[in-house]
Amino acid sequence: METAQSQEQAAPAAFTAFTRFVLCGGGVGITSSFAVAALASWIPWALANALITAVSTLLATELHARFTFGASGRATWRQHAQSAGSAAAAYAVTCVAMLVLQQMVAAPGAVLEQVVYLSASALAGVARFTVLRLVVFTRNRAQAAPTVRAIRPVHATAAPAGPAVLSYAA
């Protein structure tokens, strides 16, 4: 059985967690950007982005549970569902960014599309890190906090019995 102290040590500090988040999530994100571009040549871009977002969210949530946030194991269904919510917001951000690009530039090149997509993903990623750390994977840190119970002294509230009370009892 793990003690509260060993669980607390398993939860990484914010800087360490953010570094791991960037490496895991960023790696999945960069790979996803190329997958979206490849898939978008066969199907509409928004659909390609939705499919790749779903698959990459499952993969990234597992990586974040195991490595980024020190959950020491697989992500739960609850964590996957909450992570999917933050991924849906990230999906919306990338879609809006690409729609704005299409409105501003008639025929953007692949490099410009990648720059816009990755920039929007990075912005959404910072927000996602915050949500994952403070909401989705916070359970481990909350359990790791040691429970402190205050010991209250026992105070006698009754006054000592006087001689009249003592003689009556006899």
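1. Helices here are DSSP runs (H or I, at least four residues), numbered from the N terminus. The expected span of a helix is 1.5 Å times one less than its number of residues. Helix 2 (residues 14–39) has 26 residues and reaches 35 Å from first to last C-alpha, close to the 38 Å expected.

2. On provenance: this is a predicted model, where local features need pLDDT of at least 70, side-chain atom pairs count only at pLDDT 80 or more, and totals for chains, interfaces and linings use all residues. Residues are numbered from 1 along each chain as its sequence is written, and side-chain values use heavy atoms, without hydrogens or water.

3. Helix 2 is kinked by about 25°, centred on G26. The bend is the angle between axes fitted to the seven residues ending at a residue and the seven starting there.

4. Seven names make up the buried set (under 20% relative accessible area, 1.4 Å probe, protein chains only) of helix 2: A17, F21, C24, V28, S32, S33 and V36. Their cover includes helix 3 (45–68) and helix 5.

5. Helix 2 and helix 5 (residues 110–136) pack at about 140°, axes 10 Å apart. Axes are lines fitted to C-alpha atoms over the stretch in contact, with angles from 0 to 180 degrees between N-to-C directions. In contact (heavy atoms within 4.5 Å), the helix 2 side includes F18, F21 and F34, and the helix 5 side includes Y117, R128 and R133.

6. Helix 4 (residues 77–104) has 28 residues and reaches 40 Å, close to the 40 Å expected. Its buried residues include Q79, H80, T94 and M98.

Notes. Helix = DSSP H or I, 4+ residues; strand = E, 2+ residues; numbered from the N terminus. Buried < 20%, exposed > 50% of the residue type's maximum accessible area, 1.4 Å probe, protein only.
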